[in-house]
Each structure stands twice: as C-alpha cells, then as structure tokens.
Amino acid sequence: MERLVDSLFALMTLEEKLGQLTQLSGQSTEAGPRVRAEDQARIRAGQVGSFLGIYGAAYTRRLQRIAVDESRLKIPLLFAYDVIHGFRTIFPVPLAEASSWDPAAVERSARVAAVEATAHGLHWTFAPMVDIARDPRWGRIVEGAGEDPYLGAVMAAARVRGFQGTDLAAANTMLATAKHFAAYGGAEGGRDYNTVDLSPQTLHQTYLRPFQAAAAAGVGAVMPAFNEVNGVPMHANADLINGVLRGRWGWDGVVVSDWNGIQELIPHGVAASRPEAGALGLHAGVDVDMVSAIYLQDLPAVVRGGRVLQREVDEAVRRVLRAKYRLGLFQDPYGYSDVARERAATLTVDHQAAAREVGRKSIVLLKNQGNLLPLAKSLKTIAVIGALAVDAGSALGSWSADGRKEEAVSLLDGIRHAMPSAEVLYAKGADVEGSDTSGFAEAVRVARRAEAVILVLGERRGMSGEASNRASIDLPGMQEELAKRVQSSGKPVVVALMNGRPLAIPWLDEHIPAILETWYLGTPMGSAVADVVFGDYSPGGKLPVTFPRATGQIPLYYSHKNTGRPPSEEGNTSKYLDVPWTPLYSFGHGLSYTTFGYGAPRLSRRSMRATDTLVVQVDVTNTGQRPGEEVVQLYLRDDVGSVTRPVKELRGFRRITLQPGQRAAVTFTLRSEDLAFYDRRMNRVVEPGSFTVFVGGGSADVKEARFEVTTGTQLGDALLR
Ligand code: GLC
C-alpha cells in the first residue's frame with residue numbers, strides 16, 4: 001500500500017492532492033441522485049476525491065469509469081452517504097436500537113445496512129453517530145445511544161463492527177464514521193450547533209468515551225462536530241483532533257468535515273476568510289473538506305504562501321489514499337458497483353425479518369397496570385386512534401437513507417394484519433401538532449364501540465433529528481387532551497408512543513394503564529409493535545435515556561453527583577417546589593410480561609488491589625408465568641474520591657431470556673478500567689477506598705454490595721496501544 005501511495009505521490013500536483021481532499025455532494029433528480037455536469041468535469045480534472053449522496057450500482061460505475069479512465073492519475077472515487085439505521089430496509093432509529101441493550105442485534109442491523117448500501121455502490125457511511133445526549137430538547141438525541149458513555153461505547157463498537165466487518169476490501173463492507181467529534185450533544189439549551197462549555201473531566205469521561213471505543217474498534221473515519229468546545233470550534237480543534245484522537249489515542253483514520261464545517265469557522269469568529277478557515281481546518285487535522293471546496297480553491301495559495309505545510313497536505317492525502325486502498329478500490333474500482341447484487345440484496349425477506357426482530361427488542365414497556373398487556377387475540381373489536389398510527393413515513397424516523405414510506409408497515413397496518421378476524425376501527429382524533437379538537441368526538445365514538453383502545457401519541461419524525469429541537473418535551477398539540485377524552489370512554493387504553501426523544505408525560509403515567517415506548521422502528525414498525533401488543537413477543541427493552549417529569553428538570557441523568565445536599569423531603573435540599581426531583585422513568589427502566597427476582601450480588605472478594613479483577617455474580621429468576629427477556633445491569637460507585645464521583649455508573653449489562661421459574665447466575669468482571677476516572681490534573685487514576693456495586697433491572701431498582709480497593713494506580717489514556 002505504501003509503495004502505491006508513494007508512487008502516486010511522486011506524480012501528483014498540489015491541485016491533484018487537494019482534489020483528493022475534496023468531497024462534493026450530488027443532487028436529487030427524478031432519476032435518482034446525480035452529479036452536476038461541472039462536477040463530472042472536476043472528476044476528469046482530478047479535483048474531487050469523493051462524493052456524498054451519490055449511489056446506484058450502474059451510476060456509480062459510470063462515474064468511477066470517468067475517474068479511472070479519463071483522469072490523469074486514474075485514482076478511484078469514494079462514494080459516501082448517511083446510512084444511519086438502514087439503507088432501503090430501515091431499522092429502528094439508533095435511540096430505539098440502544099433500548100434493546102443487545103449489541104449483537106445492533107451489530108447485525110449495521111451489517112444489513114452495509115450489505116444494502118454497498119450493493120448500491122457505496123463505500124463509506126457517516127455513521128455511527130455516537131454523541132452522548134443528556135438534553136432531550138436536542139433533536140439529534142434520536143440518532144445516538146442515549147445518555148450513558150458505557151452503553152454508548154458498547155453500541156458504537158457494535159455498529160463499527162457491523163458496518164466494517166472484518167475485511168474492508170470485501171464488497172459488502174464499508175468505511176464507518178464515528179461522529180460528531182466531540183460533545184455535540186452538550187449544546188447549551190439543547191439547541192443544535194450551540195455552544196459547548198464543559199470541564200475536561202466531563203469531556204473525556206462522558207463525551208469522548210464512545211469515540212475511544214469506536215477508535216479501538218478500528219473505525220475508519222471520524223467527523224468533527226459543528227460546535228465549539230470551550231472556545232475552540234471542533235473543525236479547528238487541533239488539540240482534540242491531532243492532539244487526542246491521533247496523538248494520545250494513536251488513531252490514524254480519515255477525518256472528514258461535517259458539511260460546510262470548514263467554512264463555518266468564519267461565522268464562529270475564528271477565521272476572517274476562506275483561506276484562513278482552510279488553513280485552520282487542515283492544520284487541526286481535518287483531512288477531507290465536505291462541500292465547501294475551500295481546500296480545492298483556496299488552499300493552493302495558502303500552501304504556496306507557506307501558511308500551511310506541504311507536509312500537512314501530504315499526510316491528509318495519504319490517509320485518503322490508504323482508505324481507498326483498504327477498501328480494495330485500486331485493485332477493483334468497480335467491485336461495489338454490481339447491478340446484479342444491487343437487485344438481489346435489497347429489501348430481502350431476511351433483512352426485513354432482522355429489522356422486525358431488533359424492532360421488537362427495542363420496544364420498552366413503561367407501564368402495565370393490571371397486566372392489561374398483552375391484549376387477547378380473541379378480542380372482536382379494537383380501536384386504533386391517533387394521527388401517528390397511519391404515519392408510515394414517521395415510522396422510518398430521521399435519516400432514513402433510501403427508505404420509502406410506501407414500504408413501511410404503519411401501526412394500524414400492523415394491528416390489522418395481526419388481528420385478521422377482529423374489527424379494527426380507526427380515528428385520527430387529533431393531529432400531532434395544532435389546536436384542532438374537531439376529531440375528538442369521532443375518536444370517543446370509535447373508542448366506545450371497541451373492547452380495547454390503542455392510542456398512538458408522540459411526535460412526527462421531523463420533530464427530532466438535525467436542527468429539530470423542541471423548547472418543551474411535552475406531548476405536542478392537543479394529544480394529551482385527546483388522551484383525556486379517550487380515557488373518559490371508560491375502555492381499557494394502551495398508549496403506544498412514537499417519538500424521537502424522552503417526553504414529559506406525567507398525566508399519561510398517572511391515568512393510562514399501559515404505556516409502550518415504540519420510538520420509530522423502521523420499515524416493519526407496525527408488525528413489531530403488534531408482536532408485542534398481542535403477546536407474540538414479551539418486551540424486554542430498557543430506557544437508554546432518563547424521562548424527566550418536566551422540561552424544567554433538564555439536564556436530568558442517572559449518573560449525577562450526590563452534591564452536599566442531596567434532594568430529600570425535609571429541609572433545604574436540592575429539589576423543586578413545583579415538581580418532584582425524581583425522573584418519571586429512570587435510565588435502564590423497562591418492564592416485561594413476566595417478573596424477575598434478583599438475589600443479592602455475590603463478590604469474588606471483599607477487597608482488591610487496583611490491578612486485580614473482581615467477579616460479581618447475581619442470581620436472576622423469572623418469577624412470573626411467561627417467558628421473558630431481562631437486561632441485567634451492573635452499576636458502580638466510587639464512594640469517596642479526590643474529586644466528586646457520580647452516585648452510580650453503568651459498568652456492565654447482559655440481556656438474558658428466562659423461562660417461567662428458571663434461574664440464571666449472571667456474572668460480571670470488574671477491572672481497573674472500570675474503576676478509573678480523570679482526577680483534578682486529568683490523570684486517569686484508580687484511587688483506593690470503598691466502592692459500591694449495584695445490580696438490578698434498572699438504575700433505580702438495584703441491590704448493592706460493597707468492596708474495598710486497597711491500592712491506587714494510574715492508567716494510560718489510549719485504548720489503542
Ligand atoms: C449533516 C450532519 C452530518 C451528516 C452530514 C452529511 O449536516 O450534521 O451528521 O453526516 O451533514 O449529510
């Protein structure tokens with residue numbers, strides 16, 4: 001590979017090198033995504049190295065031929081796209097998949113996405129999005145794995161493995177991109193792209209942790225975030241990109257700007273011109289300039305003027321050429337552009353079954369008073385109410401690539417298909433937004449005619465995702481009023497939530513007997529929900545994010561500090577006058593159609609040195625009448641530290657299946673990595689002292705045990721060496 005790169009280098013002009021660092025976007029046309037004529041000319045001139053949003057086996061083959069036959073150096077193009085949770089078969093949105101707490105299922109989901117995307121000529125996806133989000137006002141919380149760095153790290157690595165497989169040169173594996181580096185979810189006010197200002201400890205302990213896991217899993221690319229961190233916009237952040245990502249962690253992949261991120265250094269106020277912005281970006285370690293064309297147009301003069309070292313250009317170009325080589329493009333530029341494979345590999349029965357499987361696992365049973373769920377299949381008349389019940393587009397969620405709503409199964413479709421001999425009535429009741437209540441009467445009439453009601457409430461998919469933030473996380477529109485009217489019908493009501501973020505639903509929690517969190521489950525959504533509603537599948541999902549009672553509690557997350565005055569009923573403590581300080585639903589919460597009993601955790605030792613390992617074992621029993629799946633969770637607290645430590649942090653989990661009466665002994669191993677944190681001087685240390693272990697089926701539902709760490713130690717930072 002190095003010989004080939006060196007041989008190309010000897011021939012490349014500065015413009016051709018900067019061409020490799022240039023990524024252009026396609027445009028949507030009737031015939032599908034297409035490259036503008038002037039950009040096809042750029043391919044011939046060696047002025048573009050990759051395209052975003054261009055796919056199709058036949059079309060990518062045509063463009064590749066221009067690059068390989070008609071340009072001077074014949075360097076193949078890379079085709080990239082946002083394949084976030086499926087390409088044509090759409091899988092649950094990442095926040096939903098995180099609710100499965102099933103890394104194997106999530107890896108399989110990314111694997112299927114890669115098979116379909118590569119069959120359409122794509123080499124590179126801008127996923128997984130691994131941003132930690134503690135603020136549900138932020139629309140992009142839907143794209144990640146929630147609030148916890150440990151769960152986020154496990155999911156990040158699983159998705160990288162799924163997309164990249166074990167051999168990047170295989171035609172059904174693709175380059176993955178960990179994004180958005182870094183702390184994009186820490187935006188003030190939950191407003192996308194807004195300022196991020198946080199301590200180095202929080203930055204490294206919480207927000208960088210999933211990126212380290214992605215890097216350790218071999219992710220081929222990283223995308224910087226639009227935001228600044230502590231005064232330095234990420235697209236100019238040499239300390240974090242070249243310093244930490246490349247330097248301390250030893251990662252050597254391709255850094256691609258997010259959209260116009262290089263040019264946005266000007267409105268950020270750290271660059272006065274395009275040339276300055278380009279120089280800052282390249283110097284920080286951003287290799288590929290997506291769509292601003294600053295590297296192509298403005299950097300030649302900057303390099304010739306000595307403001308950016310030729311060496312920095314060369315290092316960036318090498319990384320791009322190595323990525324192309326690792327993908328096998330120099331050996332076979334057309335390997336991914338195979339029309340036969342494109343037809344055979346798309347929307348297959350297996351792919352849809354895989355999406356339905358992970359969809360069922362992603363559903364969280366929030367409440368089930370009186371075991372109203374599962375509904376009996378013997379029911380003769382069921383009412384389905386709510387605009388979202390027929391919104392197949394929303395079922396796909398945001399960033400749904402080439403997914404098509406005509407191919408998606410709405411909740412109403414899923415219910416009707418599961419209950420062919422029942423009469424399934426439908427009424428919209430109310431729109432998702434707006435103040436129109438004219439549909440209430442019809443909804444109540446329909447409810448009165450039914451034996452049970454499935455009320456679908458939540459958000460349209462466009463109300464989360466990029467630049468889709470909400471200042472309130474209440475149910476939008478008149479949906480809560482609709483719920484009150486439907487509830488007054490006296491019929492048993494099940495609420496199915498379709499939403500891209502935690503919602504503040506205290507009224508529903510108090511008055512509705514059964515509530516399912518179904519998020520957006522992708523193409524087979526209605527089928528997956530029906531599987532759970534009628535008991536063909538017993539839900540086992542757990543929340544990857546805290547559900548506040550009210551917007552005003554944000555930020556509210558389980559791994560909080562204890563403070564000097566932890567909230568309590570008496571006295572002046574850290575609480576509100578108007579709302580209980582506790583969450584509505586805690587991180588890790590989720591019920592089943594059966595029940596589980598936990599024994600006290602058993603420890604392999606009562607004390608350990610920092611470099612020892614400690615085994616925690618817990619007996620879990622299915623104490624109910626039905627089979628069920630449980631996510632057994634292990635949390636840890638460093639009881640006393642040189643800095644304050646969270647009251648608990650996730651350090652292990654396992655999703656298990658138990659038959660009625662069956663008991664399993666679940667084992668976790670703790671090692672120094674799990675005990676470590678960044679101290680005041682940003683050293684990664686384990687300190688001696690007392691630790692508490694918590695085990696249970698949710699962060700607020702645990703049994704504990706203590707142990708002592710007898711010696712301290714300091715750990716290196718890198719996960720890669
Ligand atoms: C968008 C998103 C990023 C995406 C990129 C290309 O602005 O921030 O996640 O990969 O542009 O579509």
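In this report, helices (H or I, at least four residues) and strands (E, at least two) are DSSP runs, numbered from the N terminus. Keep in mind that the model you're looking at is predicted.

Let's start with a loop. Ala182 sits between E7 and H8, and a cis peptide bond links Phe181 to Ala182. Ala183 is found in the loop between E7 and H8 too. Ala183 isn't a glycine, yet its phi is positive, about 60°. Is Ala183 buried or exposed? With a relative accessible area of 1%, Ala183 is buried.

What makes these spots worth a look? Most residues other than glycine have a negative phi, and most peptide bonds are trans.

| Cis peptide bond | Omega |
|---|---|
| Phe181 and Ala182 | about 5° |
| Leu373 and Pro374 | about -5° |

Pro374 belongs to the loop between strand E13 (364–368) and strand E14 (381–385).

Now for the sheet. E7, E8 and E11 line up in that order as an open sheet with parallel pairing. E7 (177–181) and E11 (254–255) are at the edges with a single partner strand each, so one side of each has no neighbour in the sheet. Strand E8 (residues 221–224) pairs with E11 over two bridges, and Ala221 has Val254 in E11 as its bridge partner.

Finally, the helices. H8 (residues 200–207) and H9 (residues 209–216) pack with their axes 5 Å apart, at an angle of about 45°, so the two are oblique to each other. Among the residues making the contact are His204 and Tyr207 of H8 and Phe211 of H9. The contact residues divide into three nonpolar, three polar and one charged.

Technical notes:
Residues are numbered from 1 along each chain as its sequence is written. This is a predicted model: local features need pLDDT of at least 70, side-chain atom pairs count only at pLDDT 80 or more; totals for chains, interfaces and linings use all residues. Side-chain values use heavy atoms; hydrogens and water are left out. Two strands pair if DSSP finds at least two bridges between them. Axes are lines fitted to C-alpha atoms, for helices over the stretch in contact, and angles run from 0 to 180 degrees between N-to-C directions. Angles under 35 degrees count as roughly parallel, over 145 as roughly antiparallel, 65 to 115 as roughly perpendicular and the rest as oblique. Contact means heavy atoms within 4.5 Å. Ala, Val, Leu, Ile, Met, Phe, Trp, Tyr, Cys and Pro count as nonpolar, Asp, Glu, Lys and Arg as charged, and the others, Gly among them, as polar. Buried means under 20% relative accessible area, exposed over 50%, partly exposed in between (1.4 Å probe, protein chains only).
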